[in-house]
Amino acid sequence: MSARKVVICGAGFLGRHIARAIVASPQLNGKPPLVVQISSRNPLRIWNALHSDSDVSKDRLLPAVPVDITEPHTIKKAFTGASIVVSLVGIMHGSPADFERVQLRGAENIALAARDAGARLIHFSALGADPGSHIPYTRTKGLAELSVLAVQPGANIIRPSLVFGPEDDFFNRFAKLSKFLPFLPVFGGGESLFQPIYVDDIARLTTKLCEEKVGKELGGKIIEAGGPQIYTYRDLMRLILETTGRGRPILSFPFAIGKLQGAILEKLPTNLLTVTRAQIEQLQLDNIVQSRLPKNHVSVEEVFLAYNLPPLRTLEDILPTYLHTGGK
């Protein structure tokens with residue numbers, strides 16, 4: 001029998017780790033094995049990184065195929081012969097129209113193309129996704145969930161919290177900022193709650209969902225993926241400073257100041273200091289798994305327990321492995 005194809009659509013930091021986990025999984029290397037195809041607007045950077053990784057089985061890595069999620073015909077071509085599609089499409093910056101075009105319409109296009117190809121869908125959303133939100137990122141993530149399940153009722157939906165790991169944008173970004181800023185900023189006292197989850201734990205979850213039995217058992221479920229511990233935003237800044245060995249005060253500013261900053265910076269090219277008004281609004285909301293989940297929701301810890309996966313890794317265990325002590 002020929003190999004079965006997994007298309008990872010929209011690669012980046014998370015896609016690379018998921019692809020690596022799939023091709024390294026002995027459970028998915030049966031007969032026929034699962035092979036991975038990277039498909040995004042510019043897939044070669046991730047493909048080249050995977051191809052040069054000594055731990056990646058090259059015979060389970062297909063050539064990269066470019067795709068534009070706003071152009072359905074390119075998706076259809078990329079998904080030909082796919083058994084599973086992992087949809088990682090999302091943006092952090094842009095206009096409300098950009099979020100709707102990418103996070104909602106793009107997600108719909110992927111779901112439709114996956115259905116037409118006869119492929120199961122694993123769709124990535126975000127913790128706190130809410131179709132009724134006035135924040136474009138949160139609203140379009142919530143609307144995309146509804147659209148995806150309307151197209152593919154048996155899809156698996158993963159809602160990760162803040163994802164951390166060697167190439168993450170959040171912890172690496174603030175570690176870099178701490179090199180030259182005399183303080184690290186928080187807003188509104190830094191009391192918003194977060195539940196960071198390790199990228200390789202998300203990759204393990206996705207790999208498990210690629211198993212036919214597990215994917216179907218959890219079909220139609222929304223998996224709330226938060227890590228084993230909850231932190232305030234101030235806690236996260238403190239942990240970055242402790243890990244890098246830098247002595248900096250943590251200063252709190254009113255949310256109004258943050259929104260003013262965002263109004264200016266969001267109009268400039270994206271850089272290390274970029275923040276938007278919508279992101280400041282998101283900081284006013286907790287980003288954690290709720291203690292009482294709706295009927296069709298399940299926590300990642302429940303999934304790990306049900307399928308005998310090793311425990312989720314903590315931020316304290318992993319952060320020192322890639323945020324090295326930098327001193328003053």
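What follows is a chat about the terms and the values behind them.

Modeller: First the ground rules: this is a predicted model, where local features need pLDDT of at least 70 and side-chain atom pairs count only at pLDDT 80 or more, while totals for chains, interfaces and linings use all residues. Residues are numbered from 1 along each chain as its sequence is written, and side-chain values use heavy atoms, with hydrogens and water left out.

Biologist: Fine. Why is C9 called buried?

Modeller: Buried means under 20% relative accessible area, exposed means over 50%, and partly exposed is in between, with a 1.4 Å probe and protein chains only. C9 comes out at 1% relative accessibility, so it counts as buried. It sits in strand β1 (residues 4-9); helices (H or I, at least four residues) and strands (E, at least two) are DSSP runs, numbered from the N terminus.

Biologist: And what does C9 touch?

Modeller: Contact means heavy atoms within 4.5 Å. Leaving out residues up to four places away in sequence, C9 touches S39, V67, I69, F79, V86, S87, L88, V89 and I110. Q27, 18 residues from C9 in sequence, is 22 Å away in space, C-alpha to C-alpha.

Biologist: A119 is in a loop, the one between α4 and β4 (120-124). Why does A119 count as buried?

Modeller: Its relative accessibility is 5%, so A119 counts as buried. Its contacts, again without residues up to four places away in sequence, are A82, S83, I84, V85, A114 and Q152.

Biologist: What about N308: buried or exposed?

Modeller: N308 counts as exposed because its relative accessibility is 71%. N308 lies in the loop between α12 (300-306) and α13 (315-318), and it has a positive phi of about 55 degrees although it is not a glycine.

Biologist: Next, the cores. What makes a set of residues a nonpolar core?

Modeller: The residues must be buried Ala, Val, Leu, Ile, Met, Phe, Trp, Tyr or Cys, joined through side-chain atoms within 4.5 Å. The largest such core has 73 residues, and I8, F124, F171, L236 and M237 have the most contacts inside it. Helix α9 (residues 233-244) gives the largest share of this core, six residues. A second, separate core has 23 residues, including V7, F79, L121 and A155.

Biologist: Which residues does M237 touch?

Modeller: Not counting residues up to four places away in sequence, M237 touches F170, F174, L184, P185, V186 and I250.

Biologist: Now the rings. Why is the pair of F99 and Y137 called edge-to-face?

Modeller: Rings of Phe, Tyr and Trp (its six-membered ring) pair if their centres lie within 6.5 Å; planes under 30 degrees apart count as stacked, over 60 as edge-to-face and the rest as tilted. By this rule there are 10 aromatic pairs. For F99 and Y137 the centres are 6.2 Å apart and the planes at 90 degrees, so the pair is edge-to-face. F99 belongs to helix α4 (residues 96-117) and Y137 to helix α5 (residues 136-151), 38 residues apart.

Biologist: How do you know that F99 is buried?

Modeller: F99 is buried because its relative accessible area is 5%. Y137, with a relative accessible area of 16%, is buried too.

Biologist: What is the angle between the planes of F194 and Y233?

Modeller: That aromatic pair has 50 degrees between the planes and 5.8 Å centre to centre, and it is tilted. F194 and Y233 are both buried. They also belong to one aromatic cluster, formed by F164, F170, F171, F174, F194, Y198 and Y233.

Biologist: Last one: what makes a space a cavity or a pocket?

Modeller: On a 1 Å grid over the protein atoms alone, a cavity is a set of points where a 1.4 Å probe fits but cannot get out, while a pocket is an open set with protein on both sides within 12 Å along at least five of seven lines; lining residues have an atom within 4 Å of a point. Grid points are joined across faces, edges and corners, and a volume is the space filled by probe spheres set on the points. The largest cavity has a volume of about 30 Å³, and its lining is V186, F187, G190, S192, Y233, F255 and L283. The second largest pocket has a volume of about 410 Å³. Its lining has 18 residues, with A21, D200, A203, R204 and T207 nearest its centre.
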